[in-house]
Amino acid sequence: MFSMKLKLFQIILLSLLIITTKEMYSQETVFIHGKVIHPKSNVVNISAPTNNVTSWAITKKMALNKDGHFSFIQEASKPGFYEISYETAPFNYISVKLLLSAGDSCFVVLDTETQSANISCNNNQYGLELFNELNRQIQELETNAVNKFRKYNSYEINDTIIKSRDSILKQLHDLSSNGNTKQNFLNTLAKEITYRYASLYYDLIRNIVFMSEEVRENHPKYLKQSRESLLFADSTLTQLFYTFESIPNNSVEPNNQLKLSAEPVNSELVFSNSYLKFLEKYIYYRGYYLPQREKTFDLKMVDNNFHKYNLNLYALHLIDKEFEYGVGSYFYTWFQKPNMAEELLKPYNRFKMYYPENPFIPYIDSIAEEYKLFKNMSITNFADNVNFIAGADNINSLEELLGNFNGQNLYIDIWATTCPPCLKEFAYYSDLYRFLSLNDISILYISLDKTSEMEHWKKTINKYNLIGYHILANKKLEADIKAKTKMFGLPWYCIKDRNGNLSKEFIFRPSSKENLHEQINSYINE
């Protein structure tokens, strides 16, 4: 009964919102409104199409108002994928995925207590609900896949993936018969899901081949695969990528394939995340998997110029839109890793000359400019309130490290320059600094970067002006920190009180603001 009332309330509220926002809302826009129940932080993540490209690769943060509401309006001349997500704990999100066209409007409710999400939309309501349920099922399969491949041979993996994919596609087919969901909407979802399964299938088969042939002596837990199974794996991967068709439909007759419903070239789906990931798998297959299987792989070519090698693979194996958007996505991804971007500036400038309308360019330009500034960042001149802990090489345990802060309250940020979520949190540190200064709390940053990345680590500290104490952990210290804090990912945060007690529970991120401040106060005042 309660769920029916909630659904009715959402529909009524959505209608009212559309009426009250009529001046802003038109048939050329997508409108998303939502509410977070019992919010733990005041930001929600929204990934939206980039200049009418259906990829949800570009993510932005939107502030919640005091009641936990948020609104998002965007022009949309083409259908596109959107994702709304809210972080409730490290690596734990409530999220919904939407496929919307111009004129679509949705109301989304994210409940942090029940870890659930509800959607109300003016079009394709049943299709969007099914899309999110199917996405949950696929995510569960993807999460468990790494462990499963250790136990299965190639035939069993093939049949497992096929059955799961066909079951999901059947549910979409059944929905099309009731007439409540547009056929082109269902066709797009079917292609998106097919490409996603193809990428998962490739990862599993690639793993089973290499684990079986190359590392089983050192990892006896991996089962030895028969030669027949390995030959089948090679055969099915070749078919998967050579024809750009989906997974073989029958493990006994690998030539029997289920073709995609439409050619990928120039289709709307060319620009979805799943399709771009499929292109990446294809490039890896051509440039890494096949040469290694055929014993022709030359590691020196990759080591001499990693990006040149990869970009040449895109030019050699992709054409037209696949090349343009695949390479655009490549630049966007790698420019966000400054320690790996040195060789990208010249090829990117050439790419812009030939593809000035590529929708990734405004986003790549902004991060490429940041990279140029980062490249010239000092690693010797720091503000007076940025301090490096002396004798860091000889500090091998957390107790030794915290011994430098006896009698002090301490907020601890465990991070790495290779962790994008860690870097995004630095945007909220000005508020955190004010709170810590008023409560006599120092801040310690523990980096888990490799020692070879020391210069990059120091430039990052300078770039974000990270006030406080810093240490680059050696291997022994890193291992001890992981054991003592029970951390399972980055970023990770801890609190130490004046008596040396270290928090064990989850500590909110700086972006959580008030919730973090309340948590710190309750801990240091106990």
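User: What makes you say that Leu-110 touches other residues, and which ones are they?

Analyst: Leaving out residues up to four places away in sequence, Leu-110 touches Lys-35, Val-36, Ile-37, Val-44, Ile-84, Tyr-86, Ile-94, Val-96, Ser-116 and Ala-117. Contact means heavy atoms within 4.5 Å, so each of these residues counts as touching. Bear in mind that this is a predicted model, where local features need pLDDT of at least 70 and side-chain atom pairs pLDDT 80 or more, while totals for chains, interfaces and linings use all residues. Residues are numbered from 1 along each chain as its sequence is written, and side-chain values use heavy atoms, without hydrogens or water.

User: What makes a group of residues a nonpolar core, and which residues have the most contacts inside the largest one?

Analyst: A nonpolar core is a set of buried Ala, Val, Leu, Ile, Met, Phe, Trp, Tyr and Cys residues joined through side-chain atoms within 4.5 Å. Buried means under 20% relative accessible area, with exposed over 50% and partly exposed in between (1.4 Å probe, protein chains only). The largest core has 91 residues, and Ile-32, Tyr-82, Ile-84, Leu-98, Leu-110, Phe-331 and Phe-335 have the most contacts inside it. Helix α4 (residues 183–215) gives the most to this core, 14 residues. Another core lies apart from it, with 51 residues, including Phe-405, Ile-443, Ile-446 and Ile-495. As a general rule, nonpolar side chains tend to be buried together in soluble globular proteins.

User: Why is strand β10 called largely enclosed?

Analyst: Seven of the seven residues of β10 (residues 409–415) are buried, so the rest of the structure largely encloses this strand. Asn-409, Tyr-411, Asp-413 and Trp-415 point one way, Leu-410, Ile-412 and Ile-414 the other, and all are buried. Strands here are DSSP runs (E, at least two residues), as are helices (H or I, at least four), numbered from the N terminus.

User: How do you know which strands pair with β10?

Analyst: Two strands pair if DSSP finds at least two bridges between them. β10 has seven bridges to β11 (residues 441–447), in the parallel sense, and five to β13 (residues 492–496), in the antiparallel sense. Both therefore qualify as paired with β10. In β11 the bridge partner of Asn-409 is Ile-441, and Ile-412 stands opposite Cys-494 in β13.

User: What makes β4 and β8 edge strands?

Analyst: They belong to an open sheet of four strands, in the order β4-β1-β7-β8, with mixed pairing. β4 (69–75) and β8 (116–121) each pair on one side only. β7 (residues 105–111) pairs with β8 in the antiparallel sense over six bridges, and there Val-108 has Ile-119 as its bridge partner.

User: Which residues make the contact of α9 with α10, and how do they divide into nonpolar, polar and charged?

Analyst: Glu-324, Val-327, Gly-328 and Phe-331 in α9 meet Pro-347, Tyr-348 and Phe-351 in α10. They divide into five nonpolar, one polar and one charged. Ala, Val, Leu, Ile, Met, Phe, Trp, Tyr, Cys and Pro count as nonpolar, Asp, Glu, Lys and Arg as charged, and the others, Gly among them, as polar.

User: What makes Asn-124 stand out in its phi, and is Asn-124 buried or exposed?

Analyst: Phi of Asn-124 is near 55°, a positive value in a residue other than glycine. Most residues other than glycine have a negative phi. With a relative accessible area of 9%, Asn-124 is under the 20% limit, so this residue is called buried.
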